[in-house]
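Hi there,

Here is the structure I promised to send over. Please have a look at it first, and then read my notes below.

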Amino acid sequence: MKVVLFCGGYGMRMRNGDASDVPKPMAMVGPRPLIWHVMRYYAHFGHTEFILCLGYGAHHIKEFFLNYEETTSNDFILRNGKAELLSTDIADWSITFVQTGLESAIGERLRRVRPYLQGDDMFLANYADVLTDAPLPDMIERFTESDAGASMMVVPPQSSFHCVEMGEDGRIGALTPVSEMPLWENGGYFVLRQEIFDHIPEGGDLVADGCGELAKRGKLLAYPYRGFWKPTDTVKERVQLDDAYAHGDRPWARWEREPASTA
């Protein structure tokens, strides 16, 4: 199944005050950027055909893959001054690079790569900046067995704040962590059918327009997940992931501890 990755955003909340034009999916976690970790996750489950929706800082993503150094994350033998790889990361990947505009909404970016999805009834999509250890085959199977036009992984709210129950006199009767409220939020992992294009207008959004309209029609499926899920919307979150990687705490890297599966 093809995987569409939205990787053209500015990522302003990831900045440290510098003027770098590096897009958010290229922020480093360990020796590789976020987008690589996301792609390795999909490839682990046999999905190795990627369509990258490029925008801001596209040249950084192109250069990374055009000059990809396998020895960074693979064992090798150095013989007569030449590296002989013992394993590879991306040798079997197919990556289509598509410029989808600097200011385009996610839905518009998806519309612009539709020609590369012709003949595919279903496909996967991701924001390219969120890591998880969710069982992708199960997510796909549940969607395949439904008549939904789209499936969205949903996760508990990640906020560390508390909601309060307050009486008319201003006294608080109870405090409840937001994460324990009966609420779910978009987790950024999608399984989609071609039907999604029927509900995204020119310049529209994938969630607000496409998924929103499907929800009204009862054709939006949720995949609730309470396991590991980590966004990288801020510098702090990215640093936390990088630190976890350095200490060997990387649950999203399923490829490091279990056999690869085929789609």
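Five of the five residues of E1 are buried, so the strand is largely enclosed by the rest of the structure.

Before going further, a word on the source. This is a predicted model, in which local features need pLDDT of at least 70 and side-chain atom pairs count only at pLDDT 80 or more, while totals for chains, interfaces and linings use all residues. Residues are numbered from 1 along each chain as its sequence is written, and side-chain values use heavy atoms, with hydrogens and water left out.

The overall picture

The chain has six helices and 15 strands. These are DSSP runs numbered from the N terminus (helices: H or I, at least four residues; strands: E, at least two). The radius of gyration of the chain is 20 Å, close to the 18 Å from the globule rule for 263 residues, so it is as compact as a globular protein of that length. That radius is taken over C-alpha atoms, and the rule is 2.2 Å times the number of residues to the power 0.38. The C-alpha trace spans about 80 × 45 × 40 Å along its principal axes. Of the 263 residues in the chain, 46% are buried.

The sheet

Seven strands make an open sheet with mixed pairing, in the order E7-E4-E1-E8-E13-E10-E14. Strands E7 (94-99) and E14 (220-224) are at the edges with a single partner strand each, so one side of each has no neighbour in the sheet. From one strand to the next, the twist averages 25°. Two strands count as paired if DSSP finds at least two bridges between them.

E1 pairs in the parallel sense with E4 over five bridges, and Cys7 stands opposite Leu54 in E4. E1 also pairs in the parallel sense with E8, over three bridges; there, Val4 has Ala125 as its bridge partner. Further along, strand E10 (residues 150-155) runs parallel to E14, joined by five bridges, and Met152 is partnered by Ala222.

The helices on the sheet

Helix H1 (residues 34-44) packs on the sheet, where it touches E1 (3-7), E4 (49-54), E7, E8 (122-126) and E13 (185-193), and its direction makes about 170° with that of E1. Contact means heavy atoms within 4.5 Å. Angles run from 0 to 180 degrees between N-to-C directions, with axes fitted as lines to C-alpha atoms, for helices over the stretch in contact. Eleven of the eleven residues of H1 are buried, so this helix is largely enclosed by the rest of the structure; among them are Trp36, Arg40 and Tyr41. Gly46, which follows H1, has a positive phi near 90°. Helix H5 (residues 206-216) lies across E1, E10, E13 and E14, at about 70° to E13.

A hairpin to look at

Strands E5 (residues 76-79) and E6 (residues 82-85) run antiparallel and are joined by four bridges. Ile77 has Glu84 in E6 as its bridge partner. Two residues lie between the strands of this hairpin, and Asn80 takes a positive phi near 55°.

Best wishes

Definitions and conventions:
Buried means under 20% relative accessible area, exposed over 50%, partly exposed in between (1.4 Å probe, protein chains only).
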